[in-house]
Amino acid sequence: MARRTQSLLRSFWFPLVVFGTLTLLSAPVAALGGGTVIAFYWAVAGTTGGALVGWYYHAREERLGVSRSGLPFIVTGSLLFVAAFVLPATTSGRLQEVISAFAVGGAYLIFAWLDRSVVLAALGMAVAVVPAVALASSLEHPGPVVAATTGLAILVTGLAVRRTEQHGR
Amino acid sequence: MTATGDHPLRRLDDVVHQRVRLGILAVLGEADRAEFTYLRQALELTDGNLSRHLGVLEQAGYVEIRKAFEDRKPRTWVHATRSGRAALASEVAALRELLRDHV
């Protein structure tokens with residue numbers, strides 16, 4: 001019964017689908033617009049996505065009748081949000097385009113630790129590897145490719161986790 | 001045979017050790033709070049039985065019970081206090097030690 005409660009509370013497909021979609025949609029924005037446009041995109045998309053995820057968990061916990069503290073997740077998400085804006089401002093060139101992806105990978109590793117999830121740990125490592133590979137390549141503007149690849153990886157993982165969670169019940 | 005000294009049997013807390021109360025704390029150990037209905041269904045108990053055991057845990061200071069109206073419906077939320085979580089951890093440690101030494 002404790003394990004059932006644990007598995008009910010460790011549902012994380014929804015934020016993956018939301019932020020995977022938002023990251024995927026950021027790829028054309030990064031390709032067409034510059035740093036200011038992508039910063040504006042994430043200011044709007046990040047807050048909207050965060051609010052949507054917060055609403056989802058609140059509604060889900062009210063419906064299930066069991067909840068856990070969301071504070072560690074809110075703190076990690078907020079730190080990621082700040083890092084995604086601060087890190088590009090402290091770098092330049094190709095690194096500037098992809099540095100936020102390292103922060104995203106790091107945040108997923110923290111989420112993995114909080115949720116004791118191997119899937120999230122693997123996703124965090126994969127997301128952190130993508131910008132490293134892009135930087136090692138000869139791509140002149142790696143930003144859109146990194147956004148599309150990480151967005152797709154997060155979205156596909158979210159959909160796969162959703163399927164697994166639904167089959168597990 | 002009587003347990004003496006630091007024997008793990010002496011560290012079992014009768015309030016926590018009872019099977020229903022152990023189940024309640026085990027569920028609450030994983031959650032920040034749980035609703036009365038969730039606990040009743042998860043532990044397959046009747047309203048009266050769950051209420052009685054929650055009362056014992058509340059009296060021991062191991063859980064806090066909050067009643068609220070949400071969307072005009074009465075809801076009872078239960079959450080384990082710090083001492084409740086500590087009592088559960090201590091119980092689990094004593095049981096582990098007991099099983100390790102005697103099974």
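## Chain A at a glance

In chain A, 67% of the contacts between residues at least 6 apart in sequence join residues at least 24 apart. The model is predicted.

**Overall build.** Chain A holds seven helices and one strand. Along the sequence, the order is α-α-α-β-α-α-α-α. The radius of gyration of chain A is 16 Å, close to the 15 Å from the globule rule for 169 residues, so the chain is as compact as a globular protein of that length. Its C-alpha trace spans about 55 × 25 × 25 Å along the principal axes. Of the 169 residues in chain A, 34% are buried.

**A helix pair.** Helix α5 (residues 93–115) of chain A meets helix α7 (residues 143–167) of chain A: their axes come within 8 Å and cross at roughly 25°. Angles under 35 degrees count as roughly parallel, so α5(A) is roughly parallel to α7(A). The crossing of α5(A) past α7(A) is left-handed. The table lists the residues that make the contact.

| Helix | Residues in the contact |
|---|---|
| α5(A) | E97(A), V98(A), A101(A), V104(A) |
| α7(A) | G143(A), V146(A), T150(A) |

By type, the residues of this contact of α5(A) with α7(A) are four nonpolar, two polar and one charged.

**One glycine.** G46(A) sits in helix α3 (residues 35–64) of chain A.

Note on methods
Residues numbered from 1 in each chain as written. Chains lettered and ligands numbered in written order. Predicted model: local features only at pLDDT ≥ 70, side-chain atom pairs only at ≥ 80, totals over all residues. Axes fitted to C-alpha atoms, helices over the stretch in contact; angles between N-to-C directions. Helix = DSSP H or I, 4+ residues; strand = E, 2+ residues; numbered from the N terminus. Parallel < 35°, antiparallel > 145°, perpendicular 65-115°, else oblique. Left-handed = near helix turned anticlockwise from the far one by under 90°. Contact = placed C-beta atoms within 7 Å. Nonpolar A, V, L, I, M, F, W, Y, C, P; charged D, E, K, R; others polar. Rg over C-alpha atoms; globule rule 2.2 N^0.38 Å. Buried ≥ 20, exposed ≤ 12 C-beta atoms within 10 Å, placed from the backbone.
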